[in-house]
Amino acid sequence: MAWRVRGVAREHCTCKMWCPCWLGPAEPDQGWCSGSLIFEVHEGAADDISLDGLRVVVVVDFPADFFTGNGTARLYIDENANADQRRELEAIFSGKKGGPLEAAWGATVTQWLPTQVANIEIQDGDAPSIPVGNVAQVTYQSPIRDAEGRATVIEGAAAATAFGLEGVSLARSDGSRWSAPEMRQWESGGSGTIGAFD
């Protein structure tokens, strides 16, 4: 049952910069919210199973805002993971193995669609591009910075705490698109964040 994962989480949704759900109960820009969290595991293990270098994407639709819940979610797991790794990643990122995601998803997701395996590529750089199989193309612009080049970082936001993130840098996600089966098709409104998880 022992596990730990560390890496980078990237989030984007249908709201304009900055999604109000991060701060608590809110009214999303469109009255409903769809979003995704892309977890890139730099180091991780569940019991004796290494999870280093693998990726997991959670896409979720909410009829209102994140905190109102009643969401429908699906996991996409890296096709490079073997069967044991897939089993552990699914349990961890759906919240079945405890940790912050157990509380976050337990309070907000009422329906989990079957997990899918997909090619998840993260093309880093100033403007990361992340295709997820044939269901999504996610793009980020450089993190928003001040005149001295410092990234704009939000700390202590309610939703960040729920996901085990100390703080998140703001980065626009214009042009990102999702067309996952059995879920709402949507485009990013521009809201995006990047943060370290542990």
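# Close-up views of a predicted model

**View 1. The largest pocket and the residues around its centre.** The largest pocket of this structure, which is a predicted model, holds about 170 Å³ of space. Its lining is made up of 13 residues, and those closest to the pocket centre are Trp-3, Val-5, Pro-100, Phe-197 and Asp-198. Two or more lining residues come from each of strand E1, helix H1 (83-93) and helix H2, and E1 provides the largest share of the pocket lining, with three residues. By residue class, the lining of the largest pocket divides into nine nonpolar, two polar and two charged residues.

**View 2. Pro-100, a residue of the pocket lining, and its contacts.** Pro-100, one of the residues closest to the centre of the largest pocket, belongs to helix H2, which covers residues 100-108. The relative accessibility of Pro-100 is 40%, and therefore Pro-100 counts as partly exposed. When its neighbours within four places in sequence are set aside, Pro-100 is in contact with Ala-162, Phe-163 and Gly-164. Leu-165 lies 65 residues from Pro-100 along the chain, and the C-alpha atoms of these two residues are separated by 9.6 Å.

**View 3. The largest cavity and its lining.** Counting cavities of 30 Å³ or more gives one cavity, and the space in the largest cavity comes to about 210 Å³. Of the 16 residues that line the largest cavity, Glu-11, Val-60, Phe-62, Phe-66 and Phe-163 are the closest to its centre; Phe-163 is also among the residues in contact with Pro-100. Strand E1 (3-13), strand E2 (33-46) and strand E4 (55-62) each supply at least two residues of the cavity lining, and E2 gives the most, with four residues. The lining of the largest cavity divides into 13 nonpolar residues, two polar residues and one charged residue.

**View 4. An open sheet of four strands.** The strands of this open sheet follow the order E8-E9-E12-E13, and their pairing is antiparallel. Strand E8 (129-132) and strand E13 (186-187) are the edge strands, each of which pairs on one side only. E8 runs antiparallel to strand E9 (residues 136-139), and four bridges join these two strands. Within this pairing, Val-132 has Ala-136, in E9, as its bridge partner.

View 5. A disulfide is counted where two cysteine sulfur atoms lie within 2.5 Å, and a search of the whole structure finds zero disulfides. Cys-15 counts as buried because its relative accessibility is 0%, and Cys-19, at 4% relative accessibility, also counts as buried.

How values were computed. Residues are numbered from 1 along each chain as its sequence is written. This is a predicted model: local features need pLDDT of at least 70, side-chain atom pairs count only at pLDDT 80 or more; totals for chains, interfaces and linings use all residues. Side-chain values use heavy atoms; hydrogens and water are left out. On a 1 Å grid over the protein atoms alone, a cavity is a set of points where a 1.4 Å probe fits but cannot get out, and a pocket is an open set with protein on both sides within 12 Å along at least five of seven lines; lining residues have an atom within 4 Å of a point. Grid points are joined across faces, edges and corners, and a volume is the space filled by probe spheres set on the points. Ala, Val, Leu, Ile, Met, Phe, Trp, Tyr, Cys and Pro count as nonpolar, Asp, Glu, Lys and Arg as charged, and the others, Gly among them, as polar. Buried means under 20% relative accessible area, exposed over 50%, partly exposed in between (1.4 Å probe, protein chains only). Contact means heavy atoms within 4.5 Å. Two strands pair if DSSP finds at least two bridges between them.
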